[in-house]
Amino acid sequence: MSRYAAMFDRLGGEGAFGAFLMLGDPDLAASAGLLDAVVAGGADMVEVGIPFSDPVADGPVIQAAAQRALAAGVRVDDCFTLLHEFRARHPAIPVGLLTYANLVVARPGFMRDAADAGVDSLLIADVPALEAEPFARAMTQAGIEPVLIAAANTPNATIARIAQLSKAYTYCVSRTGITGTHAGGEFDASLSDRVIAAGAPPPIFGFGISTPEHVRAALKAGARGVICGSAIVAAAARGEDVTELVRSLKSATTERVGAAMD
Amino acid sequence: MRLTGRFGRFGGCYVPEILVPALEQLEGAFLEARDDPAFAAELNGLLSSYAGRPTPLTQCRNLPGNIYLKREDLLHGGAHKTNQVLGQGLLAKRMGKTRLIAETGAGQHGVATAIVGALLGFETVIYMGAEDVERQKLNVFRMQLMGAKVIPVESGGRTLKDAINEALRDWSASFEKTHYLLGTAAGPHPFPTIVREFQRIIGREARAQMIEQVGRLPDVAIACVGGGSNAIGLFADFIDDQDVRLIGVEAAGRGLDGEEHGATLLRGTSGILHGAETYVLQDGDGQIADTWSVSAGLDYPAVGPEHAHLKDSGRAQYVGATDAEALAAFKALAESEGIICAFESAHALAHALKLAEAEPGSAILVGLSGRGDKDVGQAQQLLRPSA
């Protein structure tokens with residue numbers, strides 16, 4: 001059983017909480033500490049970015065995190081080393097990689113290296129379902145679960161394609177825009193319904209989740225879990241205790257509505 | 001998508017999922033408009049009565065060899081950019097959009113977008129690297145004069161590629177009412193195809209003018225390549241004329257052996273940037289490199305995917321011209337022909353001058369993509385006799 005499947009099994013009616021961090025932000029040593037800190041706070045899954053120079057899907061907070069890491073001289077090799085060491089410390093927690101296509105195509109054997117580093121899934125922010133097939137094939141061959149994004153404006157035909165191509169979870173974006181902008185706490189229940197109806201992997205909501213209220217609202221809208229990125233990255237950048245932040249956000253996942261219907 | 005969006009192995013539509021419906025809508029509007037005589041009539045009307053098409057073909061009188069200039073510098077707005085902003089502006093109207101966003105480097109595409117925004121009644125927002133806003137104050141004011149709002153981009157290297165990133169981010173949140181009027185034949189499908197189709201009038205006219213005025217096709221057609229819209233516009237109607245050599249000239253900046261250039265096709269490697277698989281200037285990890293050219297319009301780390309394909313298929317050849325060579329050609333054209341061209345266009349001319357020397361009998365067609373008003377201040381600094 002994959003680590004994601006095991007996680008969903010273990011959680012049962014509880015929502016999954018995913019914590020996002022940028023690898024190498026602000027430097028390698030601090031980044032390793034932050035990864036441990038979100039696990040200590042109770043994160044069920046860890047989602048990590050590999051810093052890219054031109055992150056078009058990201059808002060100012062994640063952009064700045066990538067720039068800090070690049071300015072610290074962090075290379076893709078270093079990111080895989082970080083993940084390798086993290087995996088040795090935390091054998092069971094699912095680890096998802098979120099990055100951009102150019103870093104993937106620039107490195108022959110990217111998928112294999114990611115798998116060797118203990119990565120479970122890969123989402124490439126600028127590879128939509130339309131272009132995903134060769135990437136998904138390479139991931140599957142390497143033993144990595146492909147993750148795709150379903151947005152509120154994604155038609156059902158595309159969600160059906162996502163169901164065919166992806167595993168692990170479906171990254172749901174229930175509003176327009178980039179990472180880190182607030183959704184005003186409103187999440188689109190019809191999106192999770194459509195994802196579930198298409199037989200796509202479990203819907204996890206991302207983009208605009210920064211408070212326990214957002215977490216509850218997303219779960220109420222049918223999410224099996226949430227991913228929080230910008231709020232955690234911003235807190236870390238301010239030197240705040242991310243363990244505490246994750247703990248407070250995670251505490252809101254225990255009341256998943258509709259869990260009984262799963 | 002109804003078209004493949006591929007040029008050989010290049011191109012494609014590498015954007016966040018959220019933007020795919022907007023690109024599909026754009027492709028649909030473009031394909032419908034292409035088959036609609038009313039659209040063609042409106043666009044052609046604007047091109048002739050507003051923008052000043054057809055532009056002349058000028059035979060150089062005093063420069064060596066047989067050099068013919070396709071005078072996009074005489075187009076309203078001062079560059080070839082106007083051709084395609086009119087086309088995309090009309091498409092945006094057709095789609096019911098009320099707002100235009102665009103990226104700009106030196107400001108030429110920003111000015112062109114502001115023109116169409118004013119003419120067709122759009123709210124217009126231009127993203128421009130903060131570095132470029134500082135360097136190109138006059139163009140910023142031109143855009144503002146025509147009612148556009150200019151937003152300085154502080155992220156990344158604060159230049160053109162960062163302005164594109166920011167425009168894409170805006171579009172991710174605004175596509176329902178907003179058209180992203182991309183400025184070159186690059187980016188995700190369908191932009192490379194749409195921009196080529198709206199720019200191919202350059203080569204179509206030039207081809208007919210060569211036949212009419214010279215009685216033959218050129219031996220060579222030369223254009224500068226940044227993103228590649230003026231070059232693909234000049235080349236498109238010559239691609240089937242196998243005897244016409246096609247040469248794209250990239251910015252060799254301070255030299256191709258260093259890192260200060262914008263020669264994506266000559267020094268880049270295959271990658272994915274701004275929505276397309278194409279040649280990219282990057283490091284071993286795939287991080288995008290900083291580029292350099294004396295001309296802001298050629299200062300871009302990727303290139304239109306069709307050029308990547310024309311290079312690999314061998315149908316077009318790509319060469320470089322350094323800052324110094326471009327500047328010398330800029331000066332020569334002014335002195336010999338009384339034409340002050342854009343620094344970008346001077347790159348094409350620089351190679352034409354080399355070729356005119358090597359093969360004096362050849363008829364050389366040069367895409368003079370823009371006029372040099374925007375560059376006069378910089379030229380004054382660079383050409384100062386005491387310097």
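User: In which order do the strands of the 6-stranded open sheet of chain B lie?
Analyst: In this predicted model, chain B holds an open sheet of 6 strands with mixed pairing. Strands are DSSP runs of E with at least two residues, helices are runs of H or I with at least four, and both are numbered from the N terminus; two strands pair if DSSP finds at least two bridges between them. The order is 3-4-14-9-10-13.

User: Which strands of chain B form the edges of this sheet?
Analyst: An edge strand here pairs on one side only. That applies to strand 3 (57-59) and strand 13 (316-322) of chain B.

User: What pLDDT do local features need in this model?
Analyst: Residues are numbered from 1 along each chain as its sequence is written, while chains are lettered from A and ligands numbered from 1 in the order in which they are written. Side-chain values use heavy atoms, without hydrogens and water, side-chain atom pairs count only at pLDDT 80 or more, totals for chains, interfaces and linings use all residues, and local features need a pLDDT of at least 70.

User: At what angle does helix 9 of chain B run to strand 4 of chain B?
Analyst: Helix 9 (residues 201-213) lies across strand 3, strand 4 (66-71) and strand 14 (363-368) of chain B. Axes are lines fitted to C-alpha atoms, for helices over the stretch in contact (heavy atoms within 4.5 Å), and angles run from 0 to 180 degrees between N-to-C directions. The angle is about 135°.

User: Which residue in strand 8 of chain B is the bridge partner of Arg99(B)?
Analyst: Strand 5 (residues 99-104) of chain B runs parallel to strand 8 of chain B, with 3 bridges between them. The partner of Arg99(B) is Thr178(B).

User: Is Glu131(A) buried or exposed?
Analyst: Glu131(A) is in the chain A loop between strand 4 (121-124) and helix 7 (133-142). Buried means under 20% relative accessible area, exposed over 50% and partly exposed in between (1.4 Å probe, protein chains only). Because its relative accessibility is 11%, Glu131(A) counts as buried.

User: Which side chain makes a polar contact of 2.7 Å with that of Glu131(A)?
Analyst: A polar contact is a pair of N or O atoms within 3.5 Å; within protein, one must be able to donate a hydrogen and the other to accept it, and residues adjacent in sequence count only if both atoms are side-chain atoms. Not counting residues up to four places away in sequence, Glu131(A) touches Gly12(B), Cys13(B), Tyr14(B) and Arg6(B). The 2.7 Å partner is Arg6(B).

User: How much area do chain B and chain A bury between them?
Analyst: The interface brings 32 residues of chain B into contact with 36 residues of chain A. Buried area is the accessible area (1.4 Å probe) that two parts lose on being put together, summed over both. Carbon and sulfur atoms carry 53% of the total, which is about 2,800 Å².
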